[in-house]
Amino acid sequence: MSESPRKPAVFNVKPEQDADSDPRSSAKAKAKEASPRSPVAVSPKAVVEIAPEEDAQRLVSEAFSVDTMDPSNSAKPRSNGFSLLKIAGVAFAGLVSLAIGLAIDSLIRDLFARWEWLGWAALGLTGVFLLGVLFWIINEIRAISRISAITKLRDRARDAYEQNNLKETIAVSKSVVGLYANRADTARGRSELAKHDTEIIDGSDRIKLLERELLSPIDAQAQTLILSAAKRVSVVTAVSPRALIDVGYVLAENARLIRALAELYGGKPGYFGMIRLFRNVVGHLAVTGSIAIGENLMQQVVGHGLAARLSARLGEGVVNGLLTVRIGISAMDLCRPVPFLTLERPGMGRFLSELVSFSQSSDENDGGSKPENN
Amino acid sequence: MTKITTLADDAGIAFETLLSSVSDLWSPSLRLGVTGLSRAGKTVFITALVHNLVHGGRLPLFGAYANQRLTGAKLEPQPDDGVPRFDYESHLHDLVEERIWPQSTRSISELRLTIDYESASAWSRRFGPGRLSIDLVDYPGEWLLDLPLLGKSYAEWSAEALDLAVQPARLSLSDAWRGQVEKIDATAEQDESVARDLASTFTDYLRACRADNTALSTLPPGRFLLPGDLEGSPALTFAPLKIENGQSAAKDSFHAMMERRFESYKSIVVKPFFRDHFARIDRQIVLVDALQALNAGPGAVADLKTALADILKCFRPGGASWLTSWFSSRTDKILFAATKADHLHHSDHDRLESLLRELVREAVEHAQFNDASVDVAALAAVRATREGTVQHDGSELPVILGVPMKGERIAETKFDGKTESAVFPGDLPKNTGSMIEGPTNGSSNLNFVRFRPPALEETDDGVSLSLPHIRLDRALEFLIGDRLA
């Protein structure tokens, strides 16, 4: 291993535009790196490249080029193999589209036969329709790939943080900054982070900075969104005359919340992305929800049980609001490009107290049931 | 381990601690011990720390500062009137204006830095004083070498010194002195001129050990290297002798004279230093300059390890509980820092840290056993270099850019102290053990050069930015972050 040790060496700082400056194959460099390097004495001819984070840049371009942005390796369909029903379904869908195609075709022919300009108009409309569908599909694919890119980024961030891997954390950090690059409200955070680029900071500390500078303002917005959704849900539950209306409203409000959170953290989720996200959120809730209850909900519930006893409607409102909060936190977990590593994941307690005080005050304001029935 | 304090010392220390605990109630203070052998960078560390806090440096990982809870930091008169003030202003002038490293410290000095902050918790914001005084003590690193002597008798020390002198790295350096010791009869009548002669040869030998190309560290007694105003006094005129096992000194013999002087050295020089400055330290940062030793090869690194192990045994690590902290002062947080981390590329920092971890392993274990929290970091209080890469022989070499000090050299290149150069100092070996136990001779694959302090960047308005650093904020967070919570 020690046949290629590198000697300490000195180089000129002034870049000389020599033929020497072509980048060598990275594979070769890698191989060199593996063996212990030591003493070499060199003439000061080589080109010095003053680039504090050249590694980072390379990694970022990698990060953004193939892996993360390629839709083909995101959105993996669930493997459910062939089934007879499926074959039949596909065949039927084919038939239907043929039928539609035929209908359109004959429509256009008929229109041409009647008046030529009507035919052209119909043809134009068909073209617009097809284009619209095409772009919609592209948008959906991009949205889904964005969601899975964020999922991937989150896994990478966690690994990099746990292994304190400097290169990887720099890459993750650049990707996250890139994610928010055209969001004006992150300008300050991004510039703060950029100031630390040339500093020598350990990997896990970089994630800490990233969370604090860039993500915590977004987290605050997310919490506001969750809280206001929960408030709306609790009020509507408290005043709605029919249980069905509650259920419908809670569902709609939650879907809106998830969508808003997804947009807040990483762009529009799209229609199919939304369905996927909703499914994931509910799944995530099933896993983490019980833990959340364990940590601090119990004493809160016991403590605020009093509030619920004041009025049954108010209690229902708080419970539905809490459900929204839980879904919101779960959605936050799934939409955030970096997991909660150094910052604390917002707990139920913080929302609960605000929700209860809000419900109480609104309850009093609309002259509803007063605490006379305790 | 021999006990280095007596019962009376302990009582005195406990009394002082109690006093300061009481005064801490309304003006909390924290004694931050900055420990390190000579040239480890204590003075620079203190200067950079103060400068960054006072002038608002870039400290993103120092939580209280980054959250903007620190409202100000200023220098205040120190509590000990008998100790000179740390000359922060002139050290800073050296660093920033002259771009030279401060002169090596010749005597002890102290500085108090008071931080105003708002606590993150509502309770302490209301009832806490919202200020913390940090007492920093700077002293010559040579003095540290004396601490292990407190636990040793003259005979033990002599035997150790003679053993050490025949180690391969020292064999040639100690020739003259060993020759002289051989000739001296310890039982002979005491003789001042012989004593002076012997002491001066011994001092020469210690000085030679410290030179750049040998860079040895285990060189007690430290005042021989840096006598100050005690120069020529009997307490500094002694040397180890060859003593037969278990032989006690006859009255008026040469041996008795040396032994007496050794004891008075301990009581006049070492003990006051230990009692006044080391026994009461709340937080501790141990600065280790491993690079100089690495330059000189594994022998020097092993010697550094011995020196550190001896010195670190003198510390009193231990967790603080609210009850015991009134009486016994224990260091509850210790940070071991490999300084001058800017003199090598950051990709090697992990290896530097693991080397340091190995060098201070015993001390870390001891501290952890005593419930103190310990961390290890590669650090540069003042970052003198930037980083880059260079294409060389078909591969990329990570290099550091800076202005090397005048007279430093790599291979055939000699630096003039003015031009900026890109330097590749060699790779630290992956295997930590080989840095300590490798072959003693043979050309080293490492050549760390010293760089001049950085030219401070200025903004357009002419405001100079703070001193750049590496991980100083992390060190601060570890050392004092919890007191500003």
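The model is predicted, so local features need pLDDT of at least 70 and side-chain atom pairs count only at pLDDT 80 or more, while totals for chains, interfaces and linings use all residues. Residues are numbered from 1 along each chain as its sequence is written, chains are lettered from A and ligands numbered from 1 in the order in which they are written, and side-chain values use heavy atoms, leaving out hydrogens and water.

**Chain A overall**
- Chain A has 11 helices and 2 strands (DSSP runs numbered from the N terminus: H or I of at least four residues for helices, E of at least two for strands).
- Starting at the N terminus, its elements go β-α-β-α-α-α-α-α-α-α-α-α-α.
- Of the 374 residues in chain A, 39% are buried (under 20% relative accessible area; exposed is over 50% and partly exposed in between, with a 1.4 Å probe and protein chains only).
- Take the contacts in chain A (heavy atoms within 4.5 Å) between residues at least 6 apart in sequence: 78% of them join residues at least 24 apart.

**Helices α5 and α7 of chain A**
- The axes of α5(A) (residues 166-179) and α7(A) (residues 203-239) come within 8 Å and cross at roughly 15 degrees; axes are lines fitted to C-alpha atoms over the stretch in contact, with angles from 0 to 180 degrees between N-to-C directions.
- That makes α5(A) and α7(A) roughly parallel (under 35 degrees; over 145 is roughly antiparallel, 65 to 115 roughly perpendicular and the rest oblique).
- On the α5(A) side, the contact includes Leu166(A), Ile170(A) and Val177(A), and on the α7(A) side Arg206(A) and Leu210(A) are among the residues involved.

**Aromatic rings**
- Across all chains, the whole structure holds 19 aromatic pairs (Phe, Tyr or Trp rings, the six-membered one for Trp, with centres within 6.5 Å; planes under 30 degrees apart are stacked, over 60 edge-to-face and the rest tilted).
- Tyr271(A) and Phe272(A) pair edge-to-face, because their ring centres are 5.3 Å apart and their planes sit at 75 degrees.
- Phe272(A) is partly exposed, at 41% relative accessible area.
- Phe224(B) and Phe238(B) are also an edge-to-face pair, 5.1 Å centre to centre with 75 degrees between the planes.
- Phe224(B) and Phe238(B) are both buried, and they belong to a cluster of linked ring pairs that includes Trp157(B), Trp177(B) and Tyr265(B).

**Ser421(B)**
- Ser421(B) lies in strand β12 (residues 421-424) of chain B and is buried, at 7% relative accessible area.
- Leaving aside residues up to four places away in sequence, Ser421(B) touches residues including Val10(A), Phe11(A) and Val13(A), along with Ile400(B) and Phe415(B).
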